[in-house]
Amino acid sequence: MWTRRWSGVNGGWAVEDRKTVLVVTPSLGGHYFGELLAGLTREIAGADGRLVVVETLPESAPRDEAGAPGDFATPVAWSHVDGVVSITTAVGAPYLRGLREAGRPVVLSSTLMPDFDAPAAMPDNHGGTFTAVEHLIGHGHTRIGFVGNRAQQDIRERYAAYVQALETYDLAHDPGIVFAAADNGETGGEQAARALLACADRPTALMVATDRNALGLMRALTEAGVALPDDLAIVAFDNIEAGAFSVPALSSVNQRFDEVGSLAGRLVLAAMRGEAVPSSVFTPQSVVLTVRTSCGCIAGGHRGEASVGDRSPVVSAELLRDELQDVLVAALLSGDDVVDGPTHDGVLVAIGTVEHLLTSGETVTEAQIGAVTLALRRLTSRPDTLRRIIDAVADYAERIVAPGARASASARVSAALWKLQAGAFLGQVEETETAIAEQYVVDAGLLDTTRTDPRTLDWLAGTHIKAAVLALWVDDPARGRLEIVGTYDSEHSLPDQVGSRIAVQSFPPAALIDLLAPQRREICVVVPVRTASHDWGLLSIVGAVDSTSTRETYQHWAGLLGTALESQRLQDEVRKSALYDAVTGLPNRRLFLERLTASIARHARSGTPFAVLFLDLDGFKLINDSLGHPMGDRVLTAVGDRIAHELRTVDTGARFGGDEFAILLHDIDPAGALLVAHRVQAALARTLDLDGPDVSIRASMGIATSSVDYASAEDILRDADTAMYRAKADEPGAVAFFDDAMRADALHQQQLHAEIHRALEEHEFEVFYQPIVNLASGRTDRFEALVRWRHPQRGLVMPDEFLPAMEESGLIIQLGYWVLDEVCRQLAVWGPRVVNVAVNISDREFWHHDLLTRVLEILARHHLTPDRLTLEITESVLMRRPEVALQMMHQLHDAGLRLHIDDFGTGYSSLETLHRFPVDAFKIDRSFLRSLASGDHTTELITALVGLGTSLGLAVVAEGVETGEQLAFLQSIGCATGQGYLFMPAVSNDDAGDLLDRDLADQPDETGNVVTDL
């Protein structure tokens, strides 16, 4: 039979002689879906066709609850297939309409859709249930209840058949003995059992919609003391293996789901041949009731129909033989083997041998028993199929024994059969162990993405898989484009397709489908590869149907694969974030240093020169503060792009954080480095178009080159940074080369940092105190604390030499807390004679997270109240983050600490500071007093500042009072307090105590060098 297939490559029809059927299904494995797919595979393979099976149910969804159709909409394999079978609720009507409009005939299986008419292969829910209810009626039951999850279509059909059977035999339908199950499993049965136990007028028999419901129900009822089947007879539906081993053994409708699948296959093949297949419901012809003991029967067996009114109907040997033959053929059909002539003869031989042993009355020999077991073993190689056959033969042996036959013969045959059954169980266990070992191989291959790339599919080696293809989405999955990223081919038959891109309609590749061997019942399975957060693509595997286990092997693999891909993506992002800047995409400091280290080594080997440019964006803080950080990030991204554009591929541009960038230039001399620096500056100076205010950038640059013999990347980077700060200090936007003077200064700073560390450890710092004087009385009862460094060689070192270095390194915090502790210790020694001591708080100290906590701890340790301490903070510190600073200042003031603004009037929003911030005083900077004699408007300004303080109720302290004229002026304008060399420079704590009772205004007019204090 020649069929047509749409070719997505040339847009036309291609002629092909092998039929391909697309199957969309929620699941692949287990008793229901596995058997149905086994029958479908058998039918299509028998016509030399191929199956592409797409599993649509998300991995986390329940496997046996057929609810509403899912949202699966991916047109997988549409270009390859000639017909379609949709099982239960795999997809919705829009998906199937799209296939039909593309010319593909569609058959439904185990479902009916109100908005999509198509031929439907359905289990005989009606006939099977009707037969089961008839059987219960045959036992004499007239009050028969029902258990099931009627939210599902199959269960509703079984319920309708139950009602019709009651009506047919004129029995009452009592809704009070219809018990709901929440699902098709054991938990649903347990729920129904609780409702039944609470029922005042219980039924005497139950029709249970599924075996698993029945098993949960029976367990719960038995635990509650209900005697089964004496108190309650039960028949169920599905005939799963566990039912044969329950207590009592479960009688069940043996609906052959493989026949439903086979029927769906015949329907779709007929439609593909162009035959008119009506949109009707089609069901298999045979329904068998497997009778055990839960219904009240004494011996087990199989019933095609019931004998009403007779608990133990007499069945002829011929009928029993025919029933067994049907059961054995059915079991073989759902296995690997085709029931051909020799196999059919083998079934007859096995049946005849058993019948002769049990009915002849002759002595049964070990050889005869061995012949029976050998004949049964020869029927199939599958342990699960062999167990079904043995179960049926054992039941037959139990029923066929003629009256007067030797009991020992029956017992010996039964024992041999059960021994063979145990061997079959062992074989199935071994298969399960093999599957577990295979799963371990897959797990090991997918869980360690640091060693292997999961996309290569190498993790499939050692599994039963013949071939596989992995394709990931290109961009958005909605665009339907896939790129093949990995293949697995155990037989080396697939062409190399890695890197090729195809439409999802053409996936799996035709080459993979062509590998299917119908005689081996192989199918091509497609499973989505996705996680909760990401849809990766599709995995296609040449595999087989597993009807013995509910494990969704291939979907489990796809789930692990999705997790592995996600893990790999996260690892790549971590590696990238470790080496690249997240904002600009440029290399970060770490990667830059690696490449710089390589350049240093290359220079040492071959003399290849290099240069490092370090640049800082001038005024970038203003952009962040005025336009916001998102705009600041856009500026940084634009800067990174422009830097990269000006470099060669062998060069490296990097961002170190903030507004600092570095450039590594390969094989270049100083003149070339300067040329690149000017080119980059010119590129940055061009106005940035960022859909907002015009922004232009200037960059100060420092250059260090390989002309200096560097031993490490950090050394050359440090020198380029030093040169950049020199350029910025000279003129923002300038360029400076690192030179000998900078190196000397850098060495001095390095030595200074080392000495400061040592000084802290050796306690070489001291606190000096400068009196704050009442300008009217000339006396003092308060001081400002100032720190000095008692250097072992240099003597007393003033703070302007070491404080900037300590601020830069962060050691200022350690020093500041030591000063606070020393001041409080001294206050405790002085007692109430010293009312208050002011301590300067540096920028880093103020913003340290536990400033208030530490200050209060120190005060408490020395038993001082907070008002004994004043914290002096400059306006520049407060104006860095005014709103946060305002909150912190309120916390400090509310704790009882006094707060002063230091260096007031030197800039920033001074009036706003006094108005908003909770301060007790401000200090007029010494620069104003020095300018009194200059003839400008300083006199009026100081007068205004003192008046401002008076009007706001704030104390005013004049700093740097050095002459009598300055003192007289301050007194004349009403300034209350001051400090300076006129009264006393900073002195040690011993000398400071002697100043408390003296008139400090009556001092010689000293105008020596002014000292900058902390």
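Colleague: What follows α2, and is its phi positive or negative?
Modeller: G103 follows α2. The phi of G103 is positive, near 90°. Bear in mind that this is a predicted model.

Colleague: Which residues of α2 are buried?
Modeller: Helix α2 spans residues 93-101. A93, Y95, L96, G98 and L99 are buried there.

Colleague: And what covers the buried residues of α2?
Modeller: The cover includes three strands: β3 (20-25), β5 (83-87) and β6 (106-109).

Colleague: Zooming out, how many helices and strands does the protein have?
Modeller: There are 31 helices and 34 strands. The protein has 1014 residues, and 54% of them count as buried.

Colleague: What is the mean pLDDT?
Modeller: The mean is 83. For 82% of the residues, pLDDT reaches 70 or more.

Colleague: Where is confidence lowest, and where highest?
Modeller: Strand β1, residues 3-7, is lowest, at a mean of 33. Strand β10, residues 205-208, is highest, at 97.

Colleague: What about residues 300-315?
Modeller: pLDDT stays under 50 there. The model still has 47 contacts for that stretch beyond four places in sequence. Residues 1005-1014 are also below 50, with 30 contacts beyond near neighbours in sequence.

Colleague: Switching to packing. How many residues are in the largest nonpolar core?
Modeller: It has 82 residues. F802, L815, V823, F846 and L869 have the most contacts inside it. Helix α22, residues 811-830, gives the most to this core, with 11 residues.

Colleague: What is F802 in contact with?
Modeller: Setting aside neighbours within four places in sequence, F802 contacts I756, F765, V787, R788, W789, V797 and L815.

Colleague: At what angle do α15 and α19 pack?
Modeller: The angle between α15 (residues 589-606) and α19 (residues 713-730) is about 110°. Their axes are 9 Å apart. Angles of 65 to 115 degrees count as roughly perpendicular, so α15 and α19 are roughly perpendicular to each other.

Colleague: Which residues meet there?
Modeller: From α15, R589, F592, L593, L596, T597 and I600. From α19, A713, E714, I716 and L717. The contact divides into seven nonpolar, one polar and two charged residues.

Colleague: Now A416. Which helix is it in?
Modeller: A416 lies in α12, residues 407-447. Beyond four places in sequence, A416 is in contact with I369 and T373. A416 and T373 are 43 residues apart in sequence, but 7.4 Å apart C-alpha to C-alpha.

Colleague: Why does A416 count as buried?
Modeller: Its relative accessible area is 17%. Buried means under 20%, so A416 is buried.

Colleague: Is I155 buried or exposed?
Modeller: I155 counts as buried, at 2% relative accessibility. I155 is found in α4, residues 153-168.

Colleague: What does I155 touch?
Modeller: Not counting residues up to four places away in sequence, I155 touches F146, G148, N149, R150, N184, A209 and T210. The C-alpha atoms of I155 and N125 are separated by 8.0 Å. Along the chain, I155 and N125 are 30 residues apart.

How values were computed. Residues numbered from 1 in each chain as written. Predicted model: local features only at pLDDT ≥ 70, side-chain atom pairs only at ≥ 80, totals over all residues. Heavy atoms only, no water. Axes fitted to C-alpha atoms, helices over the stretch in contact; angles between N-to-C directions. Helix = DSSP H or I, 4+ residues; strand = E, 2+ residues; numbered from the N terminus. Parallel < 35°, antiparallel > 145°, perpendicular 65-115°, else oblique. Contact = heavy atoms within 4.5 Å. Nonpolar A, V, L, I, M, F, W, Y, C, P; charged D, E, K, R; others polar. pLDDT = per-residue confidence, 0-100. Core = buried A, V, L, I, M, F, W, Y, C linked by side-chain atoms within 4.5 Å. Buried < 20%, exposed > 50% of the residue type's maximum accessible area, 1.4 Å probe, protein only.
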